[in-house]
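Hello,

Here is the structure I promised to pass on to you. Have a look at it first, and then read my notes below.

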Amino acid sequence: MKDGFISVAAGTPSIRVADCRHNAEQIFSLMREAENQGVKILTLPELCLTGYTCGDLFFHDTLLDGAMEGLRTILEATRNLEVLTALGMPLRAGGKLFNCAVVIQGGEVLAVVPKRSLPNHGEFSEGRWFTPYDGSNEWWALMPSPTDEDGYKELPVESTLIDCPDVPGLRVGVEICEDLWATDSPSRTLAERGATVILNLAASNDVVGKAAYRRQLVVGQSGKLVCGYVFANAGEGESTTDLVFGGHNMIAENGVLLAQRRFATGLTISEIDVQRLAYERRRLTSFPMGATDCYSVVRFTRTPTTLHRYFSPTPFVPENAADRAAR
């Protein structure tokens, strides 16, 4: 937030499949750690409240009710936290089940964003459990709200933007895992509507060569959309007979990888230069801008004192000898 920077993090909690109480504790502990480190925006993995690999347990009300209770626990435990957090959970709405990102701050749910592109090939079977969101219908979900009199409030299930007026030019958009792989990713539309930071909640498994390709996608998307891109991936605790989830977390900005981490739980932290992104978008005549509507507004008060990302003291002269020789 200082000088146009906003501190962001991708987090991977250590989960237990279908143990929503344990997962909720891991999530709000990670949120508290992020708050203590000055993080303003935290992204957590896809379906991290239940676990991504629950299989047909997603059909059971016991798991879905447990996820809602887990969310309520998180809201109550973080009502004094300022960090804006996107976490993944299954959500019933309109008689269907959606794979959703729930965006929270200060003990309140601000937005519910459903997944558009459901992989149903190879090792993935999301189409068996979830309904893809296509924007053709209005869906509403009853969400827990510790601050409301009856303890609940109704929110639309839709792709939306979150505005942060304390950081000029900062708008946050959300997409979920396979949405990035889609031919027309939601992040494109979000960026055209003004999103300068895109959060991706993912459960992308590790197979030979996939990490490099995933990195290219994240870095390339941040460059193509002139945005910051925060990718949080599922890791320790996911359980299948033939898949590995390595917690490959990445933060990229305008075509540059700022930070990444694999095979570890915890936080990957860096800063997004929102001021620079806004400048680049004004400068580039090829960058389209559409409506800049937003659904929610969040406030930030405290500013970071240190930066995690590295800046060269000689920005116009390469530090690496080989790069200097090439020049």
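Please keep in mind that this is a predicted model.

I would begin with the sheet. Seven strands form an open sheet with mixed pairing, in the order S13-S12-S11-S10-S9-S8-S15. Its edges are strand S13 (256-261) and strand S15 (296-297), each of which pairs on one side only. Within the sheet, strand S11 (residues 228-233) and strand S12 (residues 249-253) run antiparallel and are joined by four bridges. Helix H5 (residues 210-224) lies across S11, S12 and S13, and runs at about 30° to S12.

Next, helix H2 (residues 61-77). Which residues of H2 are buried? They are Leu-63, Leu-64, Ala-67, Met-68, Gly-70, Leu-71, Arg-72, Ile-74 and Leu-75. The cover over these buried residues includes helix H1 (20-36) along with strands S3 (84-93), S4 (96-105), S5 (108-114), S6 (140-144) and S7 (152-156).

Finally, there is one cavity of 30 Å³ or more in the structure. The largest cavity has a volume of about 50 Å³. Its lining is made up of Pro-13, Ile-15, Pro-45, Glu-46, Cys-48, Ala-234, Gly-235, Glu-236 and Glu-238.

Enjoy exploring, and write back with any questions.

Best wishes

Technical notes
Residues are numbered from 1 along each chain as its sequence is written. This is a predicted model: local features need pLDDT of at least 70, side-chain atom pairs count only at pLDDT 80 or more; totals for chains, interfaces and linings use all residues. Side-chain values use heavy atoms; hydrogens and water are left out. Buried means under 20% relative accessible area, exposed over 50%, partly exposed in between (1.4 Å probe, protein chains only). Helices (H or I, at least four residues) and strands (E, at least two) are DSSP runs, numbered from the N terminus. Contact means heavy atoms within 4.5 Å. Two strands pair if DSSP finds at least two bridges between them. Axes are lines fitted to C-alpha atoms, for helices over the stretch in contact, and angles run from 0 to 180 degrees between N-to-C directions. On a 1 Å grid over the protein atoms alone, a cavity is a set of points where a 1.4 Å probe fits but cannot get out, and a pocket is an open set with protein on both sides within 12 Å along at least five of seven lines; lining residues have an atom within 4 Å of a point. Grid points are joined across faces, edges and corners, and a volume is the space filled by probe spheres set on the points.
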